[in-house]
Amino acid sequence: MFFKQTASVKLNDAVLQKALKNAKGKFVDGRAASVATIDNWEAIRTHAAALRDRVIDSLDAYLIEFEQKAVSRGAVVHWAETADEANAIIVKIARDNSVKTVTKSKSMVSEEVALNDALEAAGVTVLETDLGEYILQLAKEPPSHIVAPAVHKSKEQVAQLFVDHHHTPRLTDIAAMTREAREVLRSHFLAADMGISGANFVIAETGTTLTVTNEGNADMVTTIPRIHCVITGIEKVIPTLDDFATLMRLLPRSAIGQSITNYLTLTTGIKAADEQEGPEQMHIVLVDAGRTKLVGSEMSEMLRCIRCGACMNHCPVYQNVGGHAYGWVYPGPMGSVLTPVYKGIEDAGDLPNASTFCGECQVVCPVKIPLPDLMRKLREQQFDMKLRPASERWAIKVWGFFVSRPALYALAARIGARFAAWIGGRDRLIHTLPGIDGWTSGRDMPAPEGKTFRELYAARQIK
Amino acid sequence: MKVGLFVTCLVDLVRPNIGFATLKLLEDAGCEVIVPATQTCCGQPGYNSGAREISQRLARKVLAEFKDCDYVVAPSGSCSGQVKIHYVQDLFRNAAESERIEFEKLSAKWFELSDFLVNVLKLTVLSSEFAAASFPGSITYHDSCAGLREINIKHQPRKLLARSGCNLIEMNDAEKCCGFGGTFSIKLGEISTRMADNKCVNIAVTGADAVIGGDLGCLMNIEGRLRRTGDAKTQVYHFAEVLAGMAK
């Protein structure tokens with residue numbers, strides 16, 4: 001289903017609507033309160049945007065530096081040009097090492113390439129260990145949010161899922177449910193052959209990959225199994241640990257209104273000879289899947305993104321329809337840009353148009369991505385490639401024809417204003433009008449006064 | 001001081017009263033107001049629909065029409081954002097230097113109405129006629145997105161309304177989009193309507209007699225939803241109408 005149709009269903013989903021309202025407290029009010037404690041927030045944003053741009057401009061150099069450092073610490077770095085390549089690499093790692101079971105912590109890139117499907121097809125059992133992702137794995141649903149994947153689900157729905165899958169008595173308390181999930185996961189953490197994690201950033205100067213989490217599950221995934229596999233996008237590289245410190249001032253605050261997350265895990269290389277813990281093998285899969293295409297293009301600012309989710313949390317469209325309406329891995333304004341860019345503008349449909357250009361996403365973005373401008377550029381591509389409905393293109397062309405010809409426009413406006421005023425009748429409201437039923441299906445259209453300003457003004461000047 | 005009035009296509013077509021209220025406010029303040037008769041639209045509907053060339057053509061037309069004015073004033077934050085921000089930063093960003101400079105000049109002399117009254121004319125003391133124009137009931141104010149986030153319109157209309165004696169009750173989420181978004185309101189009407197609904201709820205909670213704003217598109221969207229849901233009572237005005245004593 002396309003955005004418009006799915007959104008329509010979501011607008012009438014009472015459970016979702018309640019969940020979306022509940023989420024606003026932490027995501028919107030919490031963020032605002034936490035940002036307010038930083039007196040140079042804007043300066044940090046500006047610095048971070050420039051830092052991310054600098055990385056994107058020299059992406060190859062930073063990635064090569066990262067690879068050298070990671071390899072020097074015993075990791076193996078793999079380069080995946082496409083989603084299929086990324087999956088093939090990880091399936092091969094699993095096969096080469098007779099991996100039967102995988103524990104996994106949250107990774108949006110793994111969702112992007114549909115890694116779980118590929119591993120399952122190869123006979124590997126994958127267990128999501130982020131609580132939200134675990135819930136969705138039970139429910140067989142994709143995440144609806146990049147930070148809080150199960151934000152669309154109610155407590156009651158989760159309780160039922162646990163009854164169905166854990167075969168335990170029904171719980172009502174969230175803490176008790178969390179404890180139950182933790183107990184179920186524990187044995188898997190200890191038994192898994194391979195752990196797969198994402199990376200919030202990878203650091204060039206040290207060859208480090210890192211995760212920022214609140215649950216601690218990522219640490220179990222990255223340290224316990226004998227093999228640790230990291231999958232992440234090539235744009236996640238940053239030059240130094242200092243740069244990481246800067247970005248950490250922005251990321252948790254923007255994402256969930258926290259000054260820092262409960263866990264912040266930097267992983268550098270494999271277990272050394274004199275160490276007790278850590279994986280024997282570390283594989284880092286750096287995924288392109290459309291990213292290099294953005295470098296140097298008019299969409300390159302999108303590569304600054306540090307995946308905090310603030311743009312969707314503040315988007316009035318997302319707030320009303322939720323993440324699943326966007327149809328792919330990335331919801332909200334970032335998805336309205338990334339989905340067309342990664343999956344093809346031909347299939348983008350309404351996504352670039354799913355914005356009033358209210359500008360909230362741009363204002364809250366920690367790395368100042370001009371999301372409305374990027375969506376507009378996609379609309380330009382759609383217009384130029386004739387991808388929008390003929391009626392819409394025709395309407396714009398007719399409008400363009402008239403507004404460029406003042407005398408003709410004045411005449412048309414006079415006729416239009418009178419006609420619409422006449423339809424409006426005594427209560428001066430248009431209840432239905434062909435061509436604008438998108439408006440009149442939910443709202444009346446206040447009718448024009450009847451004469452245009454310019455004709456009234458001209459009459460006044462003559463007097 | 002020669003002030004060009006950019007009336008906006010919506011005001012011209014739908015609510016000329018806002019244009020005349022703007023004219024009155026400017027003339028009462030001693031401005032020589034010029035209204036170029038050939039003006040049509042700033043180009044925003046085309047620009048935001050991806051029709052870049054048409055919007056560039058319209059931008060050049062606007063530039064020519066207001067070339068001789070010391071200032072240009074528009075009763076809209078959205079059209080003002082289009083001219084002040086998007087013409088310069090996007091549409092003519094890579095134009096020949098001479099043309100780019102012309103658009104930079106246009107941007108610098110172009111003001112949204114409340115911004116012009118407060119920050120250029122510095123109307124700190126209102127004329128007695130102005131003060132008497134205050135709206136008799138209580139009001140609440142909706143901040144339109146482009147005005148607020150593109151050109152920082154927030155305190156200017158509130159200052160003017162307060163000085164003219166209006167009783168302003170702030171609503172929750174006054175800065176949240178009402179769902180208008182130009183063609184968005186038609187293309188994705190169902191979502192747009194829900195956003196308008198949220199706005200109407202916040203307006204109703206204040207109990208204000210009228211909701212005031214600075215962009216006719218948003219006002220039509222809010223009024224349209226109020227009326228459709230059976231609220232015939234809450235009035236909807238542009239701040240210029242209130243300030244000029246022309247809220248009718």
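**Close-up views of a predicted two-chain model**

The structure holds zero disulfides over all chains (a disulfide being a pair of cysteine sulfur atoms within 2.5 Å). This is a predicted model, in which local features need pLDDT of at least 70, side-chain atom pairs count only at pLDDT 80 or more, and totals for chains, interfaces and linings use all residues. Residues are numbered from 1 along each chain as its sequence is written, chains are lettered from A and ligands numbered from 1 in the order written, and side-chain values use heavy atoms, without hydrogens or water.

View 1. Cys361(A) is in no disulfide. Its nearest cysteine sulfur belongs to Cys358(A), 6.3 Å away. Cys361(A) counts as buried, at 6% relative accessibility (buried is under 20% relative accessible area, exposed over 50%, partly exposed in between; 1.4 Å probe, protein chains only). In chain B, the closest cysteine sulfur to that of Cys166(B) is in Cys218(B), 19 Å off and too far for a bond. Cys166(B) is buried as well, with a relative accessible area of 10%.

**View 2. The largest nonpolar core.** A nonpolar core is a set of buried Ala, Val, Leu, Ile, Met, Phe, Trp, Tyr and Cys residues joined through side-chain atoms within 4.5 Å. The largest has 91 residues. Phe3(A), Met302(A) and Ile191(B) touch the most other members. Helix α12 of chain A (residues 241-256) gives the largest share, seven residues. A second, separate core of 59 residues includes Leu25(B), Val35(B), Leu113(B) and Phe135(B).

**View 3. Surroundings of Met302(A).** Contact means heavy atoms within 4.5 Å. Neighbours within four places in sequence are left aside. Met302(A) then contacts Leu294(A), Met334(A), Val337(A), Leu338(A), Ile369(A), Leu371(A) and Leu374(A).

**View 4. Helix α22 of chain A and its cover.** Helices (H or I, at least four residues) and strands (E, at least two) are DSSP runs, numbered from the N terminus. In α22 (residues 453-462), the buried residues are Phe453(A), Arg454(A), Glu455(A) and Tyr457(A). Their cover includes α20 (406-424) of chain A.

**View 5. Chain A as the setting.** Chain A has 22 helices and twelve strands. Its C-alpha trace spans about 95 × 55 × 45 Å along its principal axes. Of its 463 residues, 57% are buried. Among contacts with a separation of 6 or more, 72% join residues 24 or more positions apart.
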